[in-house]
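Visitor: I am new to this structure and would like to learn how to read its features. Could we go through them one at a time?

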Amino acid sequence: LGGLNEDYLALLMKVLGMSYATDLAAQTCEDLGEKGLALKVAMAGKWCMFGVIAPMLLDLLEMIVGLVP
């Protein structure tokens, strides 16, 4: 895909899967009347996704810094 590293594509697919799973779990909690738990599940999912994507963000930042003279 247009020079995109395959490792990054794998990370993005993992995050996409985590997003769907987190959303499903949060909606299920909300349907059961546990809105507080749903909010906590959604927040935990966001933190987990950030943890997975953080190395890619650091590489992107290094790339940007390398472009600036």
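Visitor: In which helix is the place of Leu16?

Guide: This is a predicted model. Leu16 has its place in helix H1.

Visitor: Is Leu16 buried, partly exposed or exposed?

Guide: Buried means under 20% relative accessible area and exposed means over 50%, with partly exposed in between. Leu16 has 40% relative accessibility, so this residue counts as partly exposed.

Visitor: How far apart are Leu16 and Met49, in sequence and in space?

Guide: In sequence, 33 residues separate them. In space, the distance from C-alpha to C-alpha is 8.8 Å.

Visitor: Where does Thr22 lie, and which residues does Thr22 touch?

Guide: Thr22 is part of helix H1, which covers residues 6–31. Not counting residues up to four places away in sequence, Thr22 touches Val41, Ala42, Gly45 and Met49. Its relative accessibility is 15%, so Thr22 counts as buried.

Visitor: Which residues form the largest nonpolar core?

Guide: The general idea is that in soluble globular proteins, nonpolar side chains tend to be buried together. Here, the largest nonpolar core has six residues: Tyr8, Leu11, Val15, Met49, Ile53 and Met56. H1 and H2 are the elements that give two or more residues to this core. For Leu11, leaving aside neighbours within four places in sequence, the contacts are Val52 and Met56.

Visitor: How many aromatic pairs does the structure hold?

Guide: In general, a pair of aromatic rings is described by the distance of the centres and the angle of the planes. The structure holds one such pair. The ring centres of Trp47 and Phe50 are 6.4 Å apart and the planes are at 90°, so this pair is edge-to-face.

Visitor: Why are Trp47 and Phe50 separated by about one helical turn?

Guide: Because they are three residues apart in helix H2. Trp47 is exposed, with a relative accessible area of 58%, while Phe50 is partly exposed at 45% relative accessibility.

Visitor: Which residues form a nonpolar patch on the surface?

Guide: Trp47 and Phe50 belong to that patch, along with Met43, Leu57, Leu60, Met63, Ile64, Leu67 and Val68. Together they have about 970 Å² of accessible area.

Visitor: Where is Leu57 found?

Guide: Leu57 is in helix H2, residues 35–67. With 39% relative accessibility, Leu57 counts as partly exposed.

Notes:
Residues are numbered from 1 along each chain as its sequence is written. This is a predicted model: local features need pLDDT of at least 70, side-chain atom pairs count only at pLDDT 80 or more; totals for chains, interfaces and linings use all residues. Side-chain values use heavy atoms; hydrogens and water are left out. Patches are made of residues with over 30% relative accessible area and no salt bridge: like charges are joined within 9 Å, nonpolar side chains (Val, Leu, Ile, Met, Phe, Trp, Tyr) within 5 Å. Accessible areas come from the Shrake-Rupley method with a 1.4 Å probe; for residues, only the protein chains shown count as cover. A salt bridge is a side-chain nitrogen of Lys or Arg within 4 Å of a carboxyl oxygen of Asp or Glu. Helices (H or I, at least four residues) and strands (E, at least two) are DSSP runs, numbered from the N terminus. Buried means under 20% relative accessible area, exposed over 50%, partly exposed in between (1.4 Å probe, protein chains only). Rings of Phe, Tyr and Trp (its six-membered ring) pair if their centres lie within 6.5 Å; planes under 30 degrees apart count as stacked, over 60 as edge-to-face and the rest as tilted. Contact means heavy atoms within 4.5 Å. A nonpolar core is a set of buried Ala, Val, Leu, Ile, Met, Phe, Trp, Tyr and Cys residues joined through side-chain atoms within 4.5 Å.
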